[in-house]
Amino acid sequence: MTRWTSMEKDMSAVAHDRDQSHGEQVARLAKLMSGIRVSMFTTTDADGQMMSRPMAVQEVEFDGDLWFFTKVGGRKAEQIAREPRVNITLSSNSAWISVGGNAELVRDTEKAKQLWNAGIEAWFPNGPEDPEIMLVKVHADGAEYWDTPGAGVVSVLSFIKAHITGKPYHIEDVKVGL
């Protein structure tokens with residue numbers, strides 16, 4: 001369930017009806033997320049302070065759920081166990097994404113084997129059956145993304161055009177309920 005105000009919901013519904021269907025928004029979000037491997041993963045500590053750290057995204061499911069590896073008994077796992085509400089931010093050269101949801105700590109050796117890659121091996125050299133491995137599944141319930149009209153040279157040209165014409169640079173800003 002998203003935590004938007006009723007005004008934001010109304011505005012989102014208007015944008016939803018005017019621009020894209022919900023399915024198109026989710027598909028666009030999944031496509032933007034699929035090319036990004038490193039995120040900033042935000043949890044809340046025992047004092048109520050938010051804490052972010054870089055984490056590699058292992059899998060993006062079509063509905064927006066994300067999978068990560070972490071260490072059993074680590075600070076992140078303790079924070080998730082105490083307060084499962086998390087936020088994930090991702091960015092590329094032309095898109096910025098914020099995903100809110102609830103994190104679940106998962107012990108699943110078969111899923112760890114499925115997600116295993118050389119990058120994870122650097123952190124867990126004993127393989128996917130390492131008893132120190134715990135998975136984190138973030139059940140996304142809402143996201144917002146900002147997507148520029150193009151990347152690289154196209155973005156530079158758009159900035160120049162905005163400066164010359166006096167018309168604002170356009171970045172697509174879409175909220176998506178998941």
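This is a predicted model: local features need pLDDT of at least 70, side-chain atom pairs count only at pLDDT 80 or more; totals for chains, interfaces and linings use all residues.
Lys137 belongs to strand β7 and Asp65 to the loop between β3 (59–60) and β4, so their pairing ties together parts that lie 72 residues apart in sequence.

Strand β7 takes part in another bridge as well. Arg28 and Asp147 meet through their side chains, at 2.0 Å from N to O. Since Arg28 sits in helix α2 and Asp147 in strand β7, this pair ties together parts 119 residues apart in sequence. How exposed or buried are the two partners? Arg28 is partly exposed, because its relative accessible area is 25%, while Asp147, at 6%, is buried.

Glu110 and Lys113 both lie in helix α4, 3 residues apart, which is about one turn of the helix. Their closest N and O atoms are 3.6 Å apart. Glu110 has a relative accessibility of 55% and therefore counts as exposed, whereas Lys113, at 36%, counts as partly exposed. Bridges with shared partners join Glu110, Lys113 and Glu129 into one network.

Now for a charged residue without such a partner. Asp130 lies in the loop between α5 (118–123) and β7 (133–147). Asp130 is buried yet has no salt bridge, and the nearest side chain of opposite charge, that of Arg107, is 7.5 Å away. What does the side chain of Asp130 reach instead? The backbone nitrogen of Glu132, at 2.7 Å.

Let us step back to the chain as a whole. It has 178 residues, of which 42% count as buried, and it holds 6 helices and 8 strands. Reading from the N terminus, the elements run α-α-β-β-β-β-α-β-β-α-α-β-α-β. Among contacts between residues at least 6 apart in sequence, 67% join residues at least 24 apart.

With that layout in mind, turn to the nonpolar interior. In soluble globular proteins, nonpolar side chains tend to be buried together. In this chain the largest nonpolar core has 24 residues, and those with the most contacts inside it are Phe41, Phe68, Ile88, Leu90, Ile97, Val99 and Val138. At least two residues of this core come from each of α2 (22–34), β4 (66–71), β5 (85–91), β6 (95–106) and β7. Which element gives the most to this core? Strand β7 does, with 5 residues. For a close look at one member, take Val99: leaving out residues up to four places away in sequence, Val99 touches Met33, Val86, Asn87, Ile88, Leu90, Ala140, Gly142 and Ala143. A second, separate core is made of 9 residues, including Val106, Ala112, Leu115 and Ile133.

The aromatic rings are the last stop. A pair of aromatic rings is described by the distance of the centres and the angle of the planes. The structure holds 3 such pairs. In one of them, the ring centres of Phe69 and Trp116 are 5.8 Å apart and the planes stand at 80°, so the pair is edge-to-face. This pair links distant parts of the chain, with Phe69 in strand β4 and Trp116 in the loop between α4 (109–115) and α5, 47 residues apart. Phe69 also pairs with Phe124, and here the arrangement is tilted, at 6.5 Å centre to centre and 40° between the planes. Phe124 lies in the loop between α5 and β7, 55 residues from Phe69, so again distant parts of the chain are linked. Phe69 has 7% relative accessibility and so counts as buried, and Phe124 is buried too. Taken together, ring pairs link Phe69, Trp116 and Phe124 into a cluster.

How values were computed. Residues are numbered from 1 along each chain as its sequence is written. Side-chain values use heavy atoms; hydrogens and water are left out. Helices (H or I, at least four residues) and strands (E, at least two) are DSSP runs, numbered from the N terminus. Buried means under 20% relative accessible area, exposed over 50%, partly exposed in between (1.4 Å probe, protein chains only). Lys and Arg count as positive and Asp and Glu as negative; His and the chain ends are not counted. A salt bridge is a side-chain nitrogen of Lys or Arg within 4 Å of a carboxyl oxygen of Asp or Glu. A polar contact is a pair of N or O atoms within 3.5 Å; within protein, one must be able to donate a hydrogen and the other to accept it, and residues adjacent in sequence count only if both atoms are side-chain atoms. A nonpolar core is a set of buried Ala, Val, Leu, Ile, Met, Phe, Trp, Tyr and Cys residues joined through side-chain atoms within 4.5 Å. Contact means heavy atoms within 4.5 Å. Rings of Phe, Tyr and Trp (its six-membered ring) pair if their centres lie within 6.5 Å; planes under 30 degrees apart count as stacked, over 60 as edge-to-face and the rest as tilted.
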